Amino acid sequence: MSRVLVGVKRVIDYAVKIRVKPDHSGVVTDGVKHSMNPFCEIAVEEAVKLKEKKLIKEVVAVSCGPTQVTETIRTALAMGCDRGIHVEVSGKDYEAMGPLQISKIFAALAKKEEASLIILGKQAIDDDCNQTGQMTAALLDWPQGTFASEVTIDGEKVKVVREIDGGLETIKISMPAVLTADLRLNTPRYATLPNIMKAKKKKIANMKPADLGVDMVSRVEVLRVDEPPTRLAGVKVETVDDLVAKLRANGTI
Amino acid sequence: MVIWTRLPNRGKVVKAATVSGSDMANPLRREVRQLYKNLLFLGREYPKGADYFRERLKSAFMKNKDVTDPKEIKKLVDRGEFVIKELEALYYLRKYRAMKKRYYEDEMSAVLNIGRPVD
């Protein structure tokens, strides 16, 4: 039976109001509430569900970043993963880290751990790249089932129903494969306090990208971060004629 | 809890009896405490703020602090478990709706346009 790698990313909590740093180099992260990326939660839930159905043997939660990401790995363990791997990346490397470096790390880990499935969230809510799953599959030359809204394992094959523009597409791919989770794949369980306490006994292995032979050099440089333009207040008019006059003045008609 | 007593004629102080937790006024003490901790943990994510939640949680538990009937206590604990389920559902729905609004705007407009006449 098989082993599944699940990627979990520590991002700024979805409910937090994002503020841009005064120097426009990025977003304020110090002292801001962080949590697991919602799509990663869905990925973890799917992996744990597969294990509960006894279709796979072990679920390994993986996260890349500084020490704080171990909190995110702990949440994944509390949701039912068996063990964790913390790939330590900090400082400038962490700031420049993107899908390319992550997918290289996952590709190396998949070979090392002899995984038959990698399940990732479709995208992270902070960078919205939607690239890591695809890149990982390409590096490993594995088939990919992205935007999965339903996953069924059928022997050595996986049936994936994908959410695409205009509807749903069903594909059948062979394992080993990479899947990325979409919003409607499942309903993630909440990591309750008793589960988090139990998860403290589970192991989290620690390693560096260099141990996996991955170079973290980024080919992308962030030049500037700006807030979206503020929405202008609406204007109320008294009559339809006023509305038409205003639209004309505006140049809309 | 241990009860000590001195032997007659200024003898040694010895253990007279050990009273276990289950003999105490609240037989479900452990369950109640665990429930409180679990709810407090969940309350950290409460939309109106962790402090708001903690105040109301504390007053809700304090209101029932003099209940001694084990059946009554069990009923209250079950109600607490129900509240936990409600909170988990609240958090999930909030997150789902936020993600749907953010990433599936086209779907939302399609759904909202059902029943409107086409001009």
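This briefing describes the chain fold, the interface, the nonpolar cores and the salt bridges of a predicted model.

Local features are reported at pLDDT of at least 70 and side-chain atom pairs only at pLDDT 80 or more, whereas totals for chains, interfaces and linings use all residues. Residues are numbered from 1 along each chain as its sequence is written, chains are lettered from A and ligands numbered from 1 in the order in which they are written, and side-chain values use heavy atoms, with hydrogens and water left out.

**Chain A overall**

- Chain A holds 7 helices and 11 strands; these are DSSP runs numbered from the N terminus, with helices being H or I of at least four residues and strands being E of at least two.
- Along the principal axes, the C-alpha atoms of chain A fill a box of roughly 70 × 40 × 40 Å.
- Of the 253 residues in chain A, 47% are buried; buried means under 20% relative accessible area, exposed means over 50%, and partly exposed lies in between, using a 1.4 Å probe and protein chains only.
- Among contacts (heavy atoms within 4.5 Å) in chain A between residues at least 6 apart in sequence, 70% join residues at least 24 apart.

**Interface between chains A and B**

- Chain A contributes 24 residues to the contact and chain B contributes 19 residues.
- About 1,900 Å² is buried between chain A and chain B, and carbon and sulfur atoms give 59% of that area; buried area is the accessible area (1.4 Å probe) that two parts lose on being put together, summed over both.
- The two chains share 1 salt bridge, a term for a side-chain nitrogen of Lys or Arg within 4 Å of a carboxyl oxygen of Asp or Glu.
- That salt bridge pairs K95(B) with E41(A) at 2.8 Å, N to O.
- Between chain A and chain B there are 9 residue pairs in polar contact, both residues at pLDDT 80 or more. A polar contact is a pair of N or O atoms within 3.5 Å; within protein, one must be able to donate a hydrogen and the other to accept it, and residues adjacent in sequence count only if both atoms are side-chain atoms.
- On the side of chain A that touches chain B, the elements giving two or more residues are α1 (38-52) and α6 (193-199) of chain A.
- This side of chain A comprises 13 nonpolar, 4 polar and 7 charged residues. Ala, Val, Leu, Ile, Met, Phe, Trp, Tyr, Cys and Pro count as nonpolar, Asp, Glu, Lys and Arg as charged, and the others, Gly among them, as polar.

- The largest nonpolar core has 47 residues, of which V6(A), V44(A), C81(A), L117(A), V158(A) and L179(A) touch the most other members. Such a core is a set of buried Ala, Val, Leu, Ile, Met, Phe, Trp, Tyr and Cys residues joined through side-chain atoms within 4.5 Å.
- Helix α1(A) supplies the largest share of this core, 8 residues.
- Leaving aside residues up to four places away in sequence, V6(A) touches residues including A43(A), V44(A), V62(A), F106(A) and I119(A).
- A second, separate core of 26 residues includes C64(A), I105(A), V178(A) and L212(A).
- In helix α2 (residues 69-79) of chain A, the buried residues include V69(A), I73(A), L77(A) and M79(A).
- Just after α2(A), G80(A) takes a positive phi of about 130°.

**Salt bridges within the chains**

- The whole structure contains 23 salt bridges over all chains.
- E113(A) and R3(A) form a salt bridge at 3.9 Å, N to O. E113(A) lies in helix α4 (residues 99-113) and R3(A) in strand β1 (residues 3-7) of chain A, so this pair ties together parts that are 110 residues apart in sequence.
- E113(A) is buried at 10% relative accessible area, whereas R3(A) is partly exposed at 24%.
- E113(A) also meets R83(A) in a salt bridge at 2.7 Å, N to O. Because R83(A) lies in strand β5 (residues 83-88) and E113(A) in helix α4 of chain A, the pair ties together parts that are 30 residues apart in sequence.
- R83(A) is partly exposed, with 22% relative accessibility.
- In chain B, D78(B) and K74(B) form a salt bridge at 3.1 Å, N to O; both lie in helix α3 (residues 70-103), 4 residues apart, about one turn of the helix.
- Salt bridges that share partners join R3(A), E58(A), R83(A) and E113(A) into one network.
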